[in-house]
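I opened the model today and kept notes as I went. Here is what I looked up, entry by entry.

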Amino acid sequence: MSVKNTVVIIDDETQIRKILSIALEAEEYKVIEAENGKDGIVQAATSHPQLVILDLGLPDRDGFSVIKELRTWTAVPIIILSVRNSEEDIVKALDLGADDYITKPFNTSELLARIRANIRRTQQSDDGSIFTNGNLTIDFAARIVTKDKEEIKLTNTEYLLLVLLAKNVGKVLTHSYILKEIWGPSSVENSQYLRVFIGQLRKKIEDDYSKPEYIVTEAGVGYRMRNLG
Amino acid sequence: MNDQLETTRPDPDTLLNRLKQEEIKSTKGKLKIFFGMCAGVGKTYAMLKAAHKAKADGINVVIGIVETHKRLDTEELLEGLEKVPLKELTYRETVFKEFDIDAILKLKPTLVLIDELAHTNIPGSRNVKRYQDVIEILQNGIDVYTTLNVQHLESRAETVKQITGTTIRETVPDSILDQTDEIELVDITPDKLIQRLAEGKVYTGESSKQAIQNFFRKGNLTALREMSLRITAERVDKDLRTYKIEKNIYEVWKSGQRLMCAIGPSPYSSNLIRWTRRLAYSMESSWIAVYVETDQKISESNKEILTQNFNLVKELGGELVVTQDMSVIDAVMRIARENNVTQIVVGKSRKSKLQRLFSKNDFIKNLLKKSDDIDVYVLGGERIEEKELLFDVKAASHSSISKYFIAAVIIYLVGVVSYIFQAQIGYQTVSLLFLLVVAILPLANFGIGPVLFTALISALGWNYFFIPPHFTLHISKPEDALMFVMYFIVASVTGTLSSKIRIQQKLLRQREEKTNLLYNLSKKLSAAGNLNDVADAAIKEIENVFNAEVVLIFFESVKKLKAKPHASSSFAFNDAEWAYSQHCFINKQKVGRFTNTLPNAEATYYPLESKSGVLGVIGVSVSSDLPPSFDQEELLNSFISQITNAIEREYLNELAKQSMLSTESEKLYKTLFNSISHELKTPITTIIGAVSAFKDEKIFENKSILQKFMSEINIAADRLHRLVENLLDMARLESGNLKLKLDWHSAADLIHASIERLKDESANHKISVNIAEDIVFKFDYVLFEQAMINIIHNSILYSPPGSKIVVEAVQRNQQCVINISDNGTGFPDEVLSKLFNKFYRIPGTKTGGTGLGLSISKGFIEAHGGTITAMNRNTGGAVITITLPMK
């Protein structure tokens with residue numbers, strides 16, 4: 001690309017910013033750093049980034065409020081940095097409008113993959129009617145799903161579920177988001193439905209449904225379709 | 001009375017009481033009484049048999065004391081049971097054997113046999129009565145079997161005396177039955193008992209055969225048997241009712257009866273009290289005894305009887321109410337109404353018919369008139385051989401003979417003066433002068449007797465000497481006659497009224513005085529700010545008001561008092577007295593001098609009982625040999641209750657403070673935990689982040705990027721290292737095991753080395769050193785270097801890039817003084833004092849840093865005996881000053 005994608009990193013820890021910058025710059029991203037929420041929002045506004053990495057534990061403002069404020073005027077993908085064992089915080093952030101998350105300490109390659117996934121998603125035009133991921137192919141127009149060139153029969157709900165995950169490949173979707181999208185707003189609490197359907201879907205598309213490769217469980221948060229290339 | 005609605009529900013207070021009883025009971029030992037109508041029925045025998053059975057069941061049984069009265073059958077049963085050796089006590093040159101309560105308490109058997117519950121202990125024993133010993137043993141969780149005859153029950157003693165003619169000397173209070181878990185009646189027909197007596201199985205030898213024959217008549221025995229059966233039946237009924245309540249079996253319950261008896265300083269009152277108690281027991285109602293204090297003075301001997309009556313009421317479980325009033329009837333009715341009394345019990349008047357006819361103040365007559373809807377029970381009483389005690393003329397000092405005499409003299413003097421001037425003032429006015437005297441006399445503490453006497457003689461005197469015709473009692477003019485009569489009436493009325501007012505005034509003043517004393521105490525206790533002051537105020541007040549020596553001991557634990565009394569105590573305390581106070585503490589009752597328990601103590605001990613438990617004991621020692629009067633005792637009790645409140649208040653304050661402290665320290669702990677977690681996570685995230693990036697070939701092959709990552713890893717590792725070192729240093733300081741390795745070093749060396757260690761961090765700062773001449777002294781190099789590094793690093797972190805940091809060292813008065821100053825922004829003033837606190841971070845600083853650095857420096861420097869302070873410079877920036885003694 002001739003024009004580099006810009007990423008704004010909002011984190012109060014100098015070292016974390018440093019590490020992220022080095023990694024991102026190595027991947028040809030332009031990095032802008034901000035130390036606190038106020039600064040971060042300003043930077044996001046002025047530099048029109050393609051992605052924002054936001055640490056939830058900021059000193060001056062609550063990370064959640066930063067997400068809320070950004071979302072009032074921009075749809076820029078936001079990946080949050082969180083600590084382990086804070087699933088509630090993660091879900092809350094995702095529900096407020098963040099797109100993905102990664103916990104500290106993180107695996108840099110994994111983070112880079114998620115960044116790629118989240119940026120790509122927004123740049124992807126919606127007229128791509130064929131979706132490919134690993135051995136899985138979805139023809140949206142014809143509503144045909146194939147794995148290893150063999151057609152898989154799915155029920156209507158299973159198909160909708162798969163498509164939702166596919167359209168957000170690489171990105172985590174919370175339980176409540178999925179439920180709302182497919183079963184409607186009143187079903188937001190019924191995560192047991194979801195578990196059952198995910199299970200059925202896995203049985204049909206995974207090689208070994210107990211060790212899923214495509215549809216991964218993000219414990220306490222939701223599900224994600226991994227990008228297998 | 002709307003009791004209909006309430007009859008099916010048990011009174012919640014009763015239930016609560018029952019629950020409390022259960023609770024108390026479960027930790028106490030169980031008491032079983034082998035009950036019988038008289039001696040010889042086989043109670044001890046039955047008790048021993050039960051003991052053997054218990055032993056066979058594996059229970060640890062010992063014999064405390066058993067009286068066999070040399071009966072063979074009983075003696076046989078002694079075999080096979082462990083006996084605790086008796087204690088020998090000498091009294092009046094005879095050696096007696098009592099059971100050894102301390103040995104039993106130490107031995108802690110499961111069950112102990114103690115015969116003859118009503119026995120009175122030999123003086124010198126811990127308690128006056130054996131049943132008190134038994135109560136103590138029960139409280140220590142040891143079960144007891146004992147024996148008792150029906151004649152020994154307090155409330156039945158009178159009746160037994162009536163039946164058999166013998167006076168019962170040893171009694172136990174009926175309340176002991178409430179504490180009994182089981183009563184086993186040992187019953188035998190009178191015929192059989194008489195037969196046993198004839199066979200010599202009851203009494204051996206020639207011990208007073210005649211008296212025994214008199215006692216063991218069939219009629220007597222039958223009556224006694226009925227009594228004992230009835231008591232057992234009452235008990236069973238009570239158990240049944242208890243059972244029913246617990247199992248929620250509703251039936252028509254109490255409709256809230258309450259009895260009241262009016263008592264006074266008469267031995268007859270004790271009968272009244274016992275009767276009321278018995279009635280109340282069978283009606284399952286509460287009862288009150290009321291004593292009305294009037295202006296009547298009572299003699300010392302009567303006072304004693306009164307106090308005995310008061311104690312009897314308390315012993316039998318009644319509520320005692322004392323009130324002051326002019327009229328006994330009014331007071332009795334007032335108390336009755338205030339306490340919702342349903343029945344009043346009174347004794348029949350002891351005055352003869354004739355006396356009663358003329359007495360305006362016949363108690364019963366008036367009571368019946370005023371009692372409205374309250375029932376009145378009038379007990380028939382038999383004549384008491386003791387003296388009549390209603391009006392003890394000798395003690396009525398207001399009405400003593402001398403007062404009559406003085407009154408007469410005054411009238412005489414006034415009369416003489418009037419006579420001399422009668423021409424000027426006229427004979428009518430003389431009456432007014434006399435009237436004045438009559439009105440004034442009560443103010444001079446003349447009782448109503450002398451006042452009325454004065455009215456009479458002044459009237460007669462006036463008639464005889466002043467009303468024409470003179471020197472006769474005859475009155476010629478009808479208006480004079482009228483005047484005379486009116487004078488007499490007015491004089492009597494005035495005199496009586498004045499008297500009454502005076503008395504009221506006195507009573508009011510007494511009450512006021514009492515209230516004042518309590519108010520003063522209360523003020524002083526409120527003013528006391530801590531436990532010490534409260535104790536001090538309490539002791540001083542009691543000393544002043546009661547003219548006594550006081551000792552106050554606080555509790556050490558739930559079971560023990562502190563070994564030493566409070567410092568302000570004035571009473572000379574010794575080990576024996578401590579033991580007595582401990583007894584008071586454990587048993588939660590008043591013991592010591594003037595009581596029935598441990599009467600040989602020097603002082604009387606009162607427990608400070610509060611809702612939080614027994615907080616301590618106060619011992620009061622008066623110099624006089626007389627027991628305190630009822631008034632004084634009441635006042636002292638009020639004092640003690642106030643003091644207990646104040647102590648409880650302070651004690652709870654302390655607990656609250658401690659709880660707050662522990663909350664604070666928990667907060668601190670949380671802060672530390674969070675801060676350390678964060679401090680650890682960041683460098684670790686950096687390292688893992690960097691290393692995981694190497695998987696990416698693009699990154700791995702790029703040398704410059706690789707180097708950047710490496711350098712970050714380095715920095716992170718260093719940071720981790722510093723954190724770990726800080727934590728370890730902190731731990732060493734906290735453990736108190738810091739050992740200094742003192743050796744001669746150069747301060748200049750140290751300072752330069754520290755600055756060198758901070759080379760990387762100080763890249764953006766200019767650090768200069770200013771040491772005039774080298775200062776060499778003994779210190780711990782490693783610790784001091786760490787302290788210096790922490791301080792300089794701190795200055796670097798908190799002053800903006802480009803700032804100058806200057807380190808100076810000079811020697812002044814045997815001390816090495818080092819100043820580390822910067823020209824940054826300085827510290828906010830409120831921060832300066834907290835700077836060196838553990839985990840303290842200036843509010844608003846970036847995250848990162850545990851706040852330990854400066855406090856570690858302080859710890860290390862103070863370990864050398866030095867000091868460290870922080871100040872703002874007036875040229876801008878801050879300076880930290882270290883002084884170290886040079887040895």
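How many of the 11 residues of helix H28 (residues 853-863) of chain B are buried? I counted a residue as buried if 20 or more other C-beta atoms lie within 10 Å of its own, as exposed if 12 or fewer do, and as partly exposed in between, with C-beta atoms placed from the backbone. On that count 9 of the 11 are buried, so H28(B) is largely enclosed by the rest of the structure.

**Ground rules**

I am working with a predicted model, in which local features need pLDDT of at least 70 and side-chain atom pairs count only at pLDDT 80 or more, while totals for chains, interfaces and linings use all residues. Residues are numbered from 1 along each chain as its sequence is written, and chains are lettered from A and ligands numbered from 1 in the order in which they are written. Helices (H or I, at least four residues) and strands (E, at least two) are DSSP runs, numbered from the N terminus.

**Entry: H28 of chain B**

I listed buried residues in H28(B), including B:Gly853, B:Leu854, B:Ile856, B:Lys858 and B:Phe860. Then I looked up what they pack against, taking contact as C-beta atoms, placed from the backbone, within 7 Å. The partners are helix H25 (703-735), helix H27 (781-798), strand E23 (867-872) and strand E24 (878-885) of chain B. Just after H28(B), I found B:Gly865 with a positive phi of about 85 degrees.

**Entry: B:Ile640**

I found B:Ile640 in helix H23 (residues 630-693) of chain B. Why does B:Ile640 count as partly exposed? It has 19 C-beta neighbours inside 10 Å, so it gets that label. Leaving out residues up to four places away in sequence, B:Ile640 touches B:Tyr606, B:Leu608 and B:Ile618. B:Tyr606 is 34 residues away in sequence, and the C-alpha to C-alpha distance is 8.0 Å.

I noted 8 helices and 12 strands in chain A. Of its 229 residues, 38% count as buried.

I started with strand E3 (residues 51-55) of chain A, where 5 of the 5 residues are buried, so E3(A) is largely enclosed by the rest of the structure. A:Leu51, A:Ile53 and A:Asp55 point one way from E3(A), and A:Val52 and A:Leu54 point the other way.

Next I checked the pairing; two strands pair if DSSP finds at least two bridges between them. Strand E1 (residues 6-10) of chain A runs parallel to E3(A), joined by 4 bridges, and A:Ile10 has A:Leu54 as its bridge partner. Strand E4 (residues 78-83) of chain A also pairs with E3(A) in the parallel sense, over 4 bridges. Across that pairing, A:Val52 stands opposite A:Ile78 and A:Asp55 opposite A:Leu81. E4(A) is mostly covered, with 5 of its 6 residues buried.

**Entry: the cores**

I looked for nonpolar cores, meaning sets of buried Ala, Val, Leu, Ile, Met, Phe, Trp, Tyr and Cys residues joined through C-beta atoms within 7 Å. The largest has 65 residues, and those with the most contacts inside it include A:Val52, A:Ile53, A:Leu54 and A:Ile78. Helix H1 (residues 14-26) of chain A gives this core its largest share, 7 residues. In soluble globular proteins, nonpolar side chains tend to be buried together.

I followed up A:Val52, which touches A:Val8, A:Ile10, A:Ala44, A:Leu70, A:Val76 and A:Ile78, not counting residues up to four places away in sequence. Another core, of 49 residues, lies apart from the largest one, and among its members are B:Met47, B:Ala51, B:Val61 and B:Leu193.

**Entry: where A meets B**

I found 17 residues of chain A in contact with 25 residues of chain B. On the chain A side, H1 and helix H5 (108-123) are the elements that give two or more residues. H1(A) provides the largest share of that side, 7 residues.

**Entry: the open sheet of chain A**

My last stop was an open sheet of 4 strands in chain A, in the order E6-E7-E8-E9, with antiparallel pairing. Strand E6 (130-133) and strand E9 (150-151) are its edge strands, each pairing on one side only. E6(A) is joined to strand E7 (residues 136-139) of chain A by 4 bridges, and A:Phe131 has A:Ile138 as its bridge partner in E7(A).

Methods: Two residues are in contact if their C-beta atoms, placed from the backbone, lie within 7 Å.
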